[in-house]
Amino acid sequence: MTGAGRPTHAVIIPHYNDVDRLVRCLAALVPQVTGAVEVVVADNASPVDLGSVAARFGAVRFVTQPAKGAGLARNTGVAATTAPGLIFLDADCVPGPGWLARACAIDADGAVIGGRIDVFHETPAPRSGAEVFEQVFAFKQADYISHKGFSVTANLVTTRAVYAATGPFVTGMSEDMDWCRRAVAGGAVLRYDDALVVGHPSRQDWAALAKKWRRLTAEMYGLGGTSGPARAKWALRALAMPLSALVHAPRIAAFPGLSPGERLAGIATLLRLRTYRGFWMLAQAGGRRI
């Protein structure tokens with residue numbers, strides 16, 4: 001925090017071993033910081049020295065959570081701050097101009113507000129299948145909030161009171177979904193703010209995309225329970241997963257700005273990913289870890 005006085009808001013940034021993107025995030029954020037805001041990077045004991053980053057961004061405080069997990073890092077960041085307003089931002093995100101002012105101006109009393117997340121690419125065209133997939137399907141915050149009852153925590157505003165009433169983030173499951181749904185069940189109102197904008201880089205290749213979705217699939221399993229009927233329902237969803245690619249392929253075909261080759265690469269990646277997810281889910285339904 002810069003300046004004097006009790007802060008009104010705290011920005012919590014979980015981080016693990018992604019220094020270049022953390023520096024990019026802080027370079028966009030710190031010029032927006034006023035004395036009313038404290039900024040904390042909660043690091044999961046990265047195997048690199050963050051001393052030079054801390055020296056460059058003197059307005060930012062660094063704390064360590066030795067156990068791995070972004071949720072645990074967020075909990076540590078909350079515990080290390082005192083402001084009544086809480087703003088969550090991921091280390092690989094780039095806050096847009098005026099993002100912090102907008103976040104601080106939001107009336108978040110009794111609410112959880114998710115902002116817009118725009119996907120951008122870190123490599124030149126043409127786009128890989130993974131990049132096309134992410135551009136078309138990733139981070140659809142308005143849909144998540146309206147139809148799925150949660151906001152991605154990469155761009156989220158709430159209050160310390162809502163956090164205290166809801167409880168901490170829990171790792172080992174889809175923590176964004178779990179936490180937001182617990183908050184709503186406790187009486188919080190979930191809203192979307194299209195003017196609260198950050199950018200998020202796309203996954204560049206199949207390996208990165210598959211790693212993301214393997215983790216998400218592992219986390220999503222169990223949200224509906226692990227009883228026999230719940231596992232049977234999960235297995236049915238697994239069998240339908242490859243077919244769902246046919247339903248969603250037209251979204252890639254109609255997405256503006258893609259070349260024919262990029263469209264084909266994106267559709268091929270969609271089919272491949274949904275097939276892999278089906279196999280992973282069947283393994284989970286059979287009691288195996290993925």
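Helices are DSSP runs of H or I with at least four residues, numbered from the N terminus. The model is predicted: local features need pLDDT of at least 70, side-chain atom pairs count only at pLDDT 80 or more, and totals for chains, interfaces and linings use all residues. Residues are numbered from 1 along each chain as its sequence is written, and side-chain values use heavy atoms, with hydrogens and water left out.

I listed the patch members on the surface: Lys148, Lys233, Arg237 and Arg251. A patch takes residues with over 30% relative accessible area and no salt bridge, and like charges are joined within 9 Å. A salt bridge is a side-chain nitrogen of Lys or Arg within 4 Å of a carboxyl oxygen of Asp or Glu. Lys233 lies in helix 10 and is exposed at 59% relative accessible area (exposed is over 50%, buried under 20%, with a 1.4 Å probe and protein chains only).

Next I searched the whole structure for disulfides (two cysteine sulfur atoms within 2.5 Å) and got zero. Cys25 has its closest cysteine sulfur in Cys93, at 7.1 Å, which is too far for a bond. Cys180 is in no disulfide either, since the nearest cysteine sulfur, again that of Cys93, is 15 Å away. I noted Cys25 as buried at 0% relative accessibility and Cys180 as buried at 1%.

Last, I checked Arg289, in the segment after helix 11 (260–285). Arg289 is exposed, with a relative accessible area of 84%. From Asn155 it is 134 residues away in sequence and 30 Å in space, C-alpha to C-alpha.

Note on methods:
Patches are made of residues with over 30% relative accessible area and no salt bridge: like charges are joined within 9 Å, nonpolar side chains (Val, Leu, Ile, Met, Phe, Trp, Tyr) within 5 Å. Accessible areas come from the Shrake-Rupley method with a 1.4 Å probe; for residues, only the protein chains shown count as cover. Lys and Arg count as positive and Asp and Glu as negative; His and the chain ends are not counted. The place of a charge is taken as NZ of Lys, CZ of Arg, CG of Asp or CD of Glu. Helices (H or I, at least four residues) and strands (E, at least two) are DSSP runs, numbered from the N terminus.
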